[in-house]
Amino acid sequence: MKYLIIILSTVLVNNVIFSQFLGICPFLGTSKKTSTALGMGAAVIFVLTLATLVTWLTNEYILQPLHIGFLQTIAFILIIAALVQMVEIILKKISPSLYTALGVFLPLITTNCAVLGVSLTVVTKEFAFVEGEAARLLSLGESVIYAVGIAIGFALALIIFAGVREHIDLMEPPKGMKGTPIALITAGILALAFMGFTGIV
Amino acid sequence: MSNNLQTFTKGLVKENPILVLLLGCCPTLATTTSAINGMSMGLATTFVLLLSNIFISLLKGFIPDKVRIPCFIVVIASFVTVVQLVMQAFVPDIYETLGLFIPLIVVNCIVLGRAEAFASKNPVWPSLLDGLGMGLGFTFALTLLGCIREFLGNGSIFGFGILPETAKILVFILPPGAFICLGFVIAIVNKLKKESH
């Protein structure tokens with residue numbers, strides 16, 4: 001039940017793009033076609049989950065015991081950059097087909113602020129799932145589920161947005177609105193729709 | 001001298017990181033719920049941009065080309081940690097509001113972008129001007145967006161009430177308003193750009 005609440009709240013209610021504003025650059029950059037959106041979405045699900053797992057463990061067993069929590073930002077970004085590089089090398093070796101599908105998106109993910117954002121959120125922010133329960137930090141399992149939920153939310157938003165954008169390309173918006181402005185306004189309307197989920201968990 | 005001046009002013013208008021180049025959208029959308037928040041975020045980013053540009057320009061002879069990106073990230077992340085700790089100590093309220101987006105300056109494309117495109121190829125003085133210009137351009141765009149959203153959503157600018165209670169359009173300080181506002185501001189900038197050609 002607890003895990004279901006985490007998934008629902010991260011995918012729909014606190015959607016990473018429409019309510020937390022993380023990962024907007026890849027959201028705008030890779031949403032011109034549904035196929036690229038699918039690739040990027042899959043790559044983010046993969047890396048975000050792995051990165052959260054590794055950074056959570058690093059924080060718990062290295063940074064906290066040594067009392068160097070203030071180095072979180074530096075440590076996490078280096079771990080994420082190294083991890084992405086490593087995933088790229090491993091994928092190339094063991095699954096070339098997956099590499100060709102996700103390959104181009106992997107380097108982009110290092111600067112996807114959703115990855116660093118989620119890694120930092122799960123080790124600093126306190127959550128309360130049941131009403132009345134004291135807010136506390138997430139455990140490892142909950143953190144990973146949280147990351148999976150955020151990543152699914154990202155992929156969902158990206159794919160919906162790409163679908164809408166493909167249709168907008170066929171329309172004739174006013175000249176100044178062409179390209180980014182109309183895309184941003186579309187995102188705004190989608191965000192309004194996602195606000196409808198507020199309060200379900 | 002005119003060259004230096006150009007390095008400084010290009011970030012303010014012609015190559016404004018947000019309004020023209022569309023870099024660093026996340027803090028732009030997330031922290032502009034009020035003019036003061038937008039401005040604090042802009043200034044924090046300017047500080048990091050300025051110092052990282054200076055240091056990367058100084059270190060450019062020592063950093064091997066192959067590992068330059070990780071080196072840049074370490075330099076940037078160090079300054080971000082400095083900003084984070086200083087803000088936590090002296091302006092805890094603003095630090096609370098901006099929250100996650102202060103550490104996220106590390107992954108702001110503008111900072112790494114300027115390090116890679118400008119500071120790693122130019123001497124210290126132009127890099128400093130470039131960092132300052134780009135940072136102030138970023139601050140300007142964030143403050144502008146913050147003013148518009150605060151005015152429409154809360155009826156005030158920098159906390160001074162202007163519109164009556166009934167004229168507030170709450171949605172502009174909620175997430176959808178951020179997207180819609182930025183969309184219209186960029187549309188207006190595009191229009192002005194076309195006319196000036």
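Biologist: Is A:Trp56 buried or exposed, and at what relative accessibility?

Modeller: This is a predicted model, and the answer rests on its computed area. A:Trp56 sits in helix α3 of chain A. Buried means under 20% relative accessible area, and A:Trp56 counts as buried at 12%.

Biologist: Which residues is A:Trp56 in contact with, leaving aside its neighbours within four places in sequence?

Modeller: One residue to look at is A:Leu138, 82 residues away in sequence, with its C-alpha 9.7 Å from that of A:Trp56. Leaving aside neighbours within four places in sequence, the residues in contact with A:Trp56 are A:Val122, A:Val123, A:Leu138, A:Ser139, A:Leu140 and A:Ser143.

Biologist: Which residues does A:Thr52 touch, not counting those up to four places away in sequence?

Modeller: A:Thr52 is in helix α3 (residues 34-63) of chain A. A:Thr52 counts as buried because its relative accessibility is 0%. Not counting residues up to four places away in sequence, A:Thr52 touches A:Val118, A:Ser119, A:Val122, A:Ser143 and A:Ala147.

Biologist: Which backbone oxygen does the side chain of A:Thr52 reach, and at what distance?

Modeller: A polar contact needs a pair of N or O atoms within 3.5 Å. The side chain of A:Thr52 meets that cut-off with the backbone oxygen of A:Leu48, at 2.7 Å.

Biologist: At what angle do the axes of α7 and α8 of chain A cross?

Modeller: The helices concerned are α7 (residues 113-124) and α8 (residues 140-168) of chain A. The crossing of α7(A) with α8(A) is right-handed. Their axes come within 10 Å, and the crossing angle is roughly 145°.

Biologist: How many nonpolar, polar and charged residues are there in the contact of α7(A) with α8(A)?

Modeller: From α7(A), the residues are A:Val118, A:Thr121 and A:Val122. They meet A:Ser143, A:Tyr146, A:Ala147 and A:Ile150 in α8(A). By class, the contact of α7(A) with α8(A) has five nonpolar, two polar and no charged residues.

Biologist: What is the phi of A:Phe21?

Modeller: A:Phe21 is in the loop between α1 (2-13) and α2 (24-29) of chain A. With 5% relative accessibility, A:Phe21 counts as buried. Most residues other than glycine have a negative phi. A:Phe21 is not a glycine, yet its phi is positive, near 55°.

Biologist: Is B:Phe158 buried, partly exposed or exposed?

Modeller: B:Phe158 also has a positive phi without being a glycine, at about 55°. Its place is the loop between β1 (156-157) and β2 (160-161) of chain B. Its relative accessibility is 36%, so B:Phe158 counts as partly exposed.

Biologist: Which backbone oxygens lie in reach of the side chain of B:Asn16?

Modeller: B:Asn16 belongs to the loop between α1 (2-10) and α2 (25-30) of chain B, and is buried at a relative accessible area of 2%. A polar atom of its side chain lies 3.1 Å from the backbone oxygen of B:Leu12.

Biologist: How many residues apart in sequence are B:Asn16 and B:Gly137?

Modeller: B:Gly137 is among the residues that B:Asn16 touches, with B:Phe140 and B:Ala141 also on that list. The C-alpha atoms of B:Asn16 and B:Gly137 are 5.5 Å apart in space, while the separation in sequence is 121 residues.

Biologist: Which residues is B:Ile63 in contact with, leaving aside its neighbours within four places in sequence?

Modeller: B:Ile63 lies in the loop between α3 (35-59) and α4 (68-90) of chain B. Its relative accessible area is 16%, so B:Ile63 is buried. Apart from neighbours within four places in sequence, its contacts are B:Arg68, B:Cys71 and B:Phe72.

Biologist: Which residues of chain B lose the most area to chain A?

Modeller: The contact takes 36 residues from chain B and 34 residues from chain A. Together the chains bury about 2900 Å², with 87% of that on carbon and sulfur atoms. On the chain B side, 22% of the buried area comes from the three residues that lose the most, B:Cys26, B:Val107 and B:Phe179.

Conventions
Residues are numbered from 1 along each chain as its sequence is written. Chains are lettered from A and ligands numbered from 1 in the order in which they are written. This is a predicted model: local features need pLDDT of at least 70, side-chain atom pairs count only at pLDDT 80 or more; totals for chains, interfaces and linings use all residues. Side-chain values use heavy atoms; hydrogens and water are left out. Axes are lines fitted to C-alpha atoms, for helices over the stretch in contact, and angles run from 0 to 180 degrees between N-to-C directions. Helices (H or I, at least four residues) and strands (E, at least two) are DSSP runs, numbered from the N terminus. A crossing is left-handed if the near helix is turned anticlockwise from the far one by less than a right angle, and right-handed if clockwise. Contact means heavy atoms within 4.5 Å. Ala, Val, Leu, Ile, Met, Phe, Trp, Tyr, Cys and Pro count as nonpolar, Asp, Glu, Lys and Arg as charged, and the others, Gly among them, as polar. Buried means under 20% relative accessible area, exposed over 50%, partly exposed in between (1.4 Å probe, protein chains only). A polar contact is a pair of N or O atoms within 3.5 Å; within protein, one must be able to donate a hydrogen and the other to accept it, and residues adjacent in sequence count only if both atoms are side-chain atoms. Buried area is the accessible area (1.4 Å probe) that two parts lose on being put together, summed over both.
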